Amino acid sequence: LRDVITNALKNPFKFAKHKARQMVGLKTKEEFWALKDVNFKINKGEVIGIIGHNGAGKSTLLKILSQITTPTTGEIKVRGTIGSLLEVGTGFHPELTGRENIMLNGAILGMPKKEIIRKFDEIVEFAGIEKFLDTPVKYYSSGMYVRLAFSVAAHLEPDILLIDEVLAVGDAEFQKKCLGKMDEVTKKEGRTILFVSHNLAAIQNLCRKCLLLENGKIKFFGDTEQAISEYIPKNLINESLKEIKKENHIKGTLEAIVEKVKIGNDKRGPSNSFFINEPFSLEVEYFVTKKSKKLSFWILFTNQNGFIVANSLQKDKKELIEPTPGNQKIKIDFNNPGLMPGNYMITIGI
């Protein structure tokens, strides 16, 4: 009210014009629903992954479930206590030390003082900040912040734990530690976890069921593998079979020519999107023009910046293929590719 009065006195003509436009309907409000017609049920002890593109409504859903935001329509029925880790350092006071913030944050999250004291050493050990325990948290890095925040939330022992994409801030070792802790609390203690992440490998390892949101609506709710298949863009999956055109051949002796390459694995079928260290195979169709020397296959992986990251060449003479003129096929398996996340181009040579 104070701001409205101040603005009206400062710019009376502008204020009157704005109000007049509103009254005649020239200035209309645009309605935006972050979530619409979202209905689902989660049973006790389930670990549910929530995935979707940026702006799909994932964080809004967690804020409504944790009762930070009130839904415009509809209701949420929750049985049990809720602990949430939605943003890095929520409930931390920058001027207080790590020790003081553990006590404060634990109290905010509903943990009795005796319980905080009993679990204090365990929380500190898990967070790995023993040296900086008496340092104000404003000097902490974002990684240290989230380690301490997750440690307090994980040891709170709520019936339901809501976790947003905060784990992305921590290093790989801490992320592994967090996933292990989440796995432990669900299997041993039967607690329920809702986990929002863009890390599909973590979602796949941790969650049996997954909720896929798109434009504020549920696109799919069920088996994690199926949800991920729905989430991965279809244009990527369609590129699992590549016919090699004549202009894409590097002219050699042309005694053997690669014609088609199919990529996939037994679990996923034809696909060119895989998780880290997920096995895949290349099925190469080639044409031998005439009987010649034994054949050796060479495969090169180039990253999106054009750098060669890996290559595979048959060196063992016993494994070389005796060429037979005509159409031929070979399957090459990569059981432990060891490639980092990213897009790769594959070059095949004979």
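**Why these labels?**

Asp121, Glu122, Glu125 and Glu130 form a negative surface patch. The model is predicted, so local features need pLDDT of at least 70 and side-chain atom pairs count only at pLDDT 80 or more, while totals for chains, interfaces and linings use all residues. Residues are numbered from 1 along each chain as its sequence is written, and side-chain values use heavy atoms, with hydrogens and water left out.

Q: Why is Asp121 called exposed?
A: Buried means under 20% relative accessible area, exposed over 50%, and partly exposed in between, with a 1.4 Å probe and protein chains only. Asp121 has 60% relative accessibility, and therefore counts as exposed.

Q: Why is the pair of Phe274 and Phe280 called stacked?
A: The search of the whole structure finds 7 aromatic pairs. In the pair of Phe274 and Phe280, the ring centres are 5.1 Å apart and the planes stand at 20°. Rings of Phe, Tyr and Trp (its six-membered ring) pair if their centres lie within 6.5 Å, and planes under 30 degrees apart count as stacked, over 60 as edge-to-face and the rest as tilted, so the pair of Phe274 and Phe280 is stacked.

Q: How do you know that Phe280 is buried, while Phe274 is partly exposed?
A: Phe280 has 7% relative accessibility and therefore counts as buried, whereas Phe274, at 24%, counts as partly exposed.

Q: Why is the pair of Phe280 and Phe334 also called stacked?
A: Their ring centres are 5.2 Å apart and their planes are at 25°, so this pair is stacked. Phe280 lies in strand β10 (residues 280-288) and Phe334 in strand β13 (residues 326-334), so the pair ties together parts that are 54 residues apart in sequence.

Q: What makes the contact of Glu95 with Lys138 a salt bridge?
A: A salt bridge needs a side-chain nitrogen of Lys or Arg within 4 Å of a carboxyl oxygen of Asp or Glu. The closest N and O atoms of Glu95 and Lys138 are 3.2 Å apart, and the two residues form a salt bridge.

Key. Patch = residues over 30% accessible without salt bridge, like charges linked within 9 Å, V, L, I, M, F, W, Y side chains within 5 Å. Areas by Shrake-Rupley, 256 points an atom, 1.4 Å probe, with all protein chains shown as cover. Lys, Arg positive; Asp, Glu negative; His and termini not counted. Charge placed at Lys NZ, Arg CZ, Asp CG, Glu CD. Helix = DSSP H or I, 4+ residues; strand = E, 2+ residues; numbered from the N terminus.
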